[in-house]
Amino acid sequence: MDTDVTIVGCGPVGAVTANLLAQAGHSVDVYEQREEIFQIPRAVAFDDEVMRVFQDAGLGEQMASTVHPPAKKYRFLSARGKTMFNMQTRDYVEVNGWGKVYSFYQPDLEEELRTGFERFDHLSLYEAHEVEGITQREENVVTTVRNRNSNSTREITSEFVVGCDGGSSTVRRLLDIELEDYGFDGKWLVVDIELADGSGLPQYPSQFADPDRPTTFVPVGPNHYRWEFKVLDSESESEVDTQAGIKSLLSNWLTHDDYEIIRKQVYEFHALLADEWRVGRTFLTGDAAHQMPPFAAEGMSTGIRDAQNLAWKVDAVLRGDASSSLLDSYERERKPRAEQNIELSMRLGRLIQMGYPLAFVRDAAFRALHVVPPVHAKLEELSPDPSRLSDGFLSVNHVGRRSRTGLLGRIKSEIGDDESAVGALFPQPTVQDSSGEMSRLDECITGFGLFGRNCDPTSFLSAQDIEYLDEIQCSLFRVPTSVADLVAGDSETSVIYDRDGTLTDWWADYREDVVLVRPDHFVYGMCAPSDLPALIEDLREELESASTTPAAGTAPETDQRNTILE
Ligand SMILES: Cc1cc2nc3c(=O)[nH]c(=O)nc-3n(C[C@H](O)[C@H](O)[C@H](O)COP(=O)(O)OP(=O)(O)OC[C@H]3O[C@@H](n4cnc5c(N)ncnc54)[C@H](O)[C@@H]3O)c2cc1C
């Protein structure tokens with residue numbers, strides 16, 4: 001085997017996948033056809049969940065110093081330029097451990113991710129190398145790579161291949177995977193500028209839903225600003241994409257020309273979803289698996305969540321802790337989320353790009369909605385629902401149920417509204433350990449996390465169960481609800497106190513005192529301490545189900561598609 005995992009493409013998703021797998025100790029080869037980082041303007045925003053993934057890759061603090069602080073609000077303006085809603089960011093730092101929305105330039109972020117590679121001797125990046133073929137075999141997968149400088153080709157054998165090769169993915173084409181087209185396309189002009197004094201400009205992102213020229217504005221850090229202008233149906237691309245055309249568009253904001261256009265590009269967006277995300281030993285992630293209009297700023301973020309979901313599963317299979325069937329849950333968990341984000345982006349796109357006279361109807365509807373207090377509150381808060389899994393690698397027997405009180409609570413419980421803890425994203429509070437040390441919770445966890453509220457989970461488990469948890473890398477925690485109980489015991493279990501109360505608040509809704517959390521921070525199972533042995537048995541069965549070694553029977557025969565590009 002030349003390497004454990006071959007990664008095709010080193011955009012943000014490939015770079016995160018590589019960092020996560022190398023951090024887990026696996027050898028990784030990354031092949032990138034370009035000679036340098038792509039400089040064209042693309043993503044400018046990501047959220048706290050994505051920052052948590054960077055943290056998992058050991059790059060949280062570095063990334064925090066590269067990107068720009070969370071925006072405090074996000075403004076939507078009507079056809080007449082009036083504020084439709086003004087979303088304020090709630091102080092989300094307490095839930096995922098990071099600020100709600102960060103702004104950045106994609107090339108800077110990609111640079112930081114590649115700097116992360118330097119930490120690992122077992123991670124190699126090959127620039128100017130284009131992947132041209134994939135041959136799937138029962139025991140491994142062979143990737144054919146061409147060095148674009150020497151024009152020589154070589155074959156790399158690995159356990160798995162991850163296609164992170166963007167919208168026109170070669171891997172997707174080689175595997176003959178179809179794309180579902182949602183039929184939502186459009187052309188926008190993106191302009192990034194630098195100016196010495198931007199004090200006259202808003203310091204928060206704004207969407208101008210102006211039918212005459214739908215426009216997005218984003219401050220991207222000190223003295224850097226992004227405008228995105230819809231190219232109108234009546235215009236040609238070459239009309240707007242000129243110095244004079246751009247100057248004229250910017251003249252609505254900037255009365256002087258004391259600025260420098262650092263990047264500009266007309267891009268065409270699409271809404272596309274790959275039919276299959278896994279074929280045998282090969283996976284698709286990021287834009288290779290899904291493309292969406294940029295209105296919800298979710299394209300890269302969705303891809304980075306794919307990387308996180310896939311990386312811990314590949315790690316578990318490579319270590320022999322799980323059968324390869326665990327990898328089937330990757331598509332089951334991630335494809336519906338990508339679909340939701342595509343649909344959200346399309347809904348926002350339709351709202352923002354609405355023409356006359358519908359735009360006036362839209363604006364009137366929003367004005368009316370603001371009169372209804374709960375709707376007003378929702379519109380004024382920039383807090384999209386946190387990620388949640390509804391299907392996949394989750395316990396079905398030990399799900400944890402919200403214990404609601406009052407009539408409304410009982411009705412909600414009856415209709416099963418968002419009741420289960422399973423599939424929820426476990427919060428990341430700042431915790432204090434028994435020596436007084438403070439840290440973000442995820443920094444204390446390696447792999448799975450087993451948490452007992454006011455109890456040591458190991459006291460309900462046999463020696464074999466504890467040994468098993470150790471083998472699969474599960475960190476153990478007692479979480480006292482009183483700081484007076486923050487005293488180390490004599491077991492392997494760490495004692496942590498939730499300093500900011502986030503976890504305590506989250507847990508208060510549930511009666512069950514034990515939670516088992518997956519390496520990607522989603523709750524696998526929740527139960528009473530007396531049911532813990534059964535929960536661990538469930539976990540073991542699920543991880544080992546259809547038990548095969550990673551090398552054997554990874555894919556049914558029909559999935560072993562072997563292709564070399566002509
Ligand atoms: C105007 C605009 C604004 C956006 N704003 C946001 C935003 O605010 N937030 C957000 O989350 N997303 C945003 N996006 C989307 C985001 O930029 C993309 O989703 C993201 O870049 C996809 O990352 P990726 O790694 O999957 O693919 P890419 O970044 O496209 O990387 C794929 C890489 O694979 C390489 N490659 C391709 N084929 C091969 C091959 N055969 N062999 C070797 N290498 C290969 C390519 O050279 C490339 O470097 C925006 C996009 C646009 C266009």
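Because the model is predicted, local features need pLDDT of at least 70 and side-chain atom pairs count only at pLDDT 80 or more, while totals for chains, interfaces and linings use all residues. Residues are numbered from 1 along each chain as its sequence is written, and side-chain values use heavy atoms, with hydrogens and water left out.

Let's begin with the ligand. There are 32 residues around it, and Glu 32, Arg 42, Ala 45, Gln 106 and Asp 287 come nearest; a residue counts as near when one of its heavy atoms lies within 4 Å. Sorted by class, this shell has 15 nonpolar, 10 polar and seven charged residues. Here Ala, Val, Leu, Ile, Met, Phe, Trp, Tyr, Cys and Pro are nonpolar, Asp, Glu, Lys and Arg are charged, and the others, Gly among them, are polar. Helix H1 (12–23), strand S2 (28–32), strand S8 (129–136) and helix H9 (299–318) each supply at least two residues of the shell. These elements are DSSP runs numbered from the N terminus, with helices (H or I) of at least four residues and strands (E) of at least two.

The backbone takes part here too. A polar backbone atom of Val 44 is 3.0 Å from an oxygen atom of the ligand, and a backbone N or O atom of Pro 12 lies 3.4 Å from a ligand oxygen atom. For Gly 299, a backbone N or O atom lies 3.5 Å from a nitrogen atom of the ligand. On its own the ligand has 1,000 Å² of accessible area, and the protein covers 92% of that (Shrake-Rupley method, 1.4 Å probe).

Next, look at Glu 112 in helix H5 (residues 106–117). Glu 112 is buried yet has no salt bridge, and the nearest side chain of opposite charge, Arg 119, is 8.6 Å away. A salt bridge would need a side-chain nitrogen of Lys or Arg within 4 Å of a carboxyl oxygen of Asp or Glu; Lys and Arg count as positive, Asp and Glu as negative, and His and the chain ends are not counted. Buried means under 20% relative accessible area, exposed over 50%, and partly exposed in between (1.4 Å probe, protein chains only). The Glu 112 side chain does make a polar contact of 2.6 Å with the side chain of Thr 66. Such a contact is a pair of N or O atoms within 3.5 Å; within protein, one must be able to donate a hydrogen and the other to accept it, and residues adjacent in sequence count only if both atoms are side-chain atoms.

Asn 147, in strand S9 (residues 141–147), has a relative accessible area of 19%, so Asn 147 is buried. Its side chain reaches the backbone nitrogen of Asn 149 at 2.8 Å.

Finally, Tyr 356 sits in the loop between helix H10 (328–352) and helix H11 (358–369). Tyr 356 counts as partly exposed because its relative accessibility is 44%. Its C-alpha atom is separated by 6.4 Å from that of Pro 211, 145 residues apart along the chain.
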